[in-house]
Amino acid sequence: MTESVLSLNNSNDTQTNLQQFIERLKPLHVILSQNTYVKDMTNRLNRIIEDATSQPIMLILGKERVGKTTLINGLLGRSLLEDNKNEPTYVNTFIKYGEQECIKAIFLDGMVATFDISKLKLLTISNSESAQIIREHIDYLEVYIKHDLLKDVTIIDSIGLEVGANNTAYFSQSLLQRVDEVFFVLRAGSSATDDEVNFIKKLNTLGITANLVVNGIDQLDHKVEQFIQEEKNVYGEHIGHVVAVSALQALQGRKTNNSQLLIDSRITQLTQLIQELADNQQKKTRNVMEQFMNWLERLRKEVELIPLREPYASAFANVEQYHSDSDLEFTRKQRDLALISAYEEEYASVSKVFKDVQTLYQLLQKLASDLYLRDTLVEKYEEIAVLYQKNVRDYRKLHVDYTMEYARFEKQYKKQTNQNLTFPLPQEEAQGIMLDRIQSLNKIQAQLAEKVELIRKYEEFVLKNLYIVQNRLNELAEKRLVQIQGQVSDLNIQRKRERSYLKSYANKLTEFNCIVEAQGFLMDAIMPYLLEQQLPISEQEKTHIQNTIECICAIDLTHQALYKRLNVTDADDLLTQMDFEGKFKLFGLSLTESDILSEIPELPNLLEV
């Protein structure tokens, strides 16, 4: 990308022109979406539109176990992504801003399934059979969380680089074309291997200059700058910005509010760099234009092949195969069953969440592990209940100390006086060590009395609010069950919608009118705008765009009119056979006051002299 291309206009004009261009692409996407023959091209165009209208996309890239996932967790200040040294990330994950936290799994066939945020481990690193089956069909994940940084950017946690023969490494070029910035992660102290260096150089040939992130500086002491300089000496001309951080320190610092750890981690420098790069509107516009030019060239090849592939016969074969190919239908059923199994497992877990809860301690354990059982009322009750149990434990421990101390005192008294210890103790006997022991015991007794007062105070609150909170918890569990049923329903609706679309396609195999309409739209609406407006494309690229569109429009599809009507029948619907509500009944929480009360030893009397 040359400076002359980028300097065609200022940032505001660039943004305006890009918005106007995207508004012209949206009708083109609608036109093409009517034909499944170019479905892949339609999806690619939709991604261009989404990328152009969304925040800049930042790709975190590198080999396995260099700390990519930990780095993202450090940026977000929470352990969102599962960081397991033994299980690398298996699927590319787009992390976006969302008021309601959830996961959307985008499958290779375009289907979308929504999951609770707690299922992220299942979808990214779990080795269970159902997880593996689901991942085989996933294109990528979208994780929505509420974080200020994500208001400006989208971050991708990527799978590791695939290392090949002859010191080469591979990563999805289609994904690379979508991103605005690449951050290549290297572990501090471990120099880039030949395949990593070759990959960084290869990015340059694609018009991408990766930024280098050296992770794990806490392991290098004061040799960080030396390590960075040594890396620059090898491939410095092929990289952009260089930032050295400790993702682990950043995560620990944010979790513990330790400002010194955050400073030492240098995570703020990386955050600032990301935000600065996100503001580069010209680069984003240029990236979108490159994606569109690549897409246009692929569309030309697709359209040129249409007359050679008997489009109606091909379209008919695609629809027929969907229903007749037993292998394809089997894999689809396997996927659907795996999804249902995951939903069913969660539904069963929620339905019996309170089944074994018989004490206040067990209830508090559940509240700590199941986040859907939380709201303001429950959290207040949990806070007081924790204090109640803590003070009970403290009282019991202190009472043991008192009992042991009293036993030692009683033994010593009997040894010296040959009498049993009774109170009040005569003044003449309460002297020296004896008096010290009495005062020590009374001091513990005073502490015990204070604890009893606190315990009764918290006990009163816990008892008074037990049934209110219990009803609320049952409502929250019921609400979660309804949400899971809603997710299953969404899956069912999408499956039915797929079949509805297939019927529609089968009934409309008379001609490729949408392709003809797209040809006219490219010629009349897209090409004039690209040639006349000041966008970050060179004159040579304008000429190439014009030639490409003219080649697309030169393919005559108007003579391809045929009439073919197919009878597409619905297969058995797997989802309607699942009756979660009938299969799993909610075990409601039903604690009584006696269940939550903790017995404590009787408060000893004050020893009198």
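Student: Which side chain does Glu297 pair with in a polar contact?
Tutor: Arg300. Their side chains are joined by a polar contact of 2.3 Å. Keep in mind that this is a predicted model.

Student: Where does Glu297 lie?
Tutor: In helix H13.

Student: And what is Glu297 in contact with, leaving aside neighbours within four places in sequence?
Tutor: His544 and Thr548.

Student: Which residues line the largest cavity?
Tutor: Arg44, Arg47, Ile48, Ser174, Gln177, Arg178, Gln291, Asn294, Trp295 and Arg298. The elements giving two or more residues to that lining are H3, helix H7 (173-178) and helix H13 (281-305).

Student: Which element gives the largest share?
Tutor: H13, with four residues.

Student: How does that lining divide into nonpolar, polar and charged?
Tutor: Two residues are nonpolar, four are polar and four are charged.

Student: What about the second largest cavity, what lines it?
Tutor: Pro56, Asp180, Glu181, Leu277, Ala278, Asn280, Lys283 and Lys284. Helix H12 (267-278) and H13 each supply at least two of the lining residues. By class, three are nonpolar, one is polar and four are charged.

Student: Back to H3. How many residues has it, and what does it reach end to end?
Tutor: H3 covers residues 39-53, which is 15 residues. From first C-alpha to last it reaches 21 Å, close to the 21 Å expected at 1.5 Å a residue.

Student: Which residues of H3 are buried?
Tutor: Met41, Thr42, Leu45, Ile48, Ile49, Asp51 and Ala52. Ile48 also lines the largest cavity.

Student: Why do residues three or four places apart in an α-helix point the same way?
Tutor: An α-helix has 3.6 residues a turn, so residues at that spacing point the same way.

Student: New topic: Asn215. Where is it found?
Tutor: In strand S10, residues 210-215.

Student: Is Asn215 buried or exposed?
Tutor: Asn215 counts as buried because its relative accessible area is 4%, and the cut-off for buried is under 20%.

Student: What does the side chain of Asn215 reach?
Tutor: The backbone nitrogen of Ala247, at 3.0 Å.

Student: Which residues does Asn215 touch, not counting those up to four places away in sequence?
Tutor: Val66, Gly67, Val185, Leu186, Arg187, Ala188, Val245, Ser246 and Ala247.

How values were computed: Residues numbered from 1 in each chain as written. Predicted model: local features only at pLDDT ≥ 70, side-chain atom pairs only at ≥ 80, totals over all residues. Heavy atoms only, no water. Expected span 1.5 Å × (residues − 1). Buried < 20%, exposed > 50% of the residue type's maximum accessible area, 1.4 Å probe, protein only. 1 Å grid on protein atoms, 1.4 Å probe; cavity = no way out; pocket = protein on both sides within 12 Å on 5 of 7 lines; lining within 4 Å. Nonpolar A, V, L, I, M, F, W, Y, C, P; charged D, E, K, R; others polar. Polar contact = N/O pair within 3.5 Å; in protein donor to acceptor, adjacent residues only side chain to side chain. Contact = heavy atoms within 4.5 Å.
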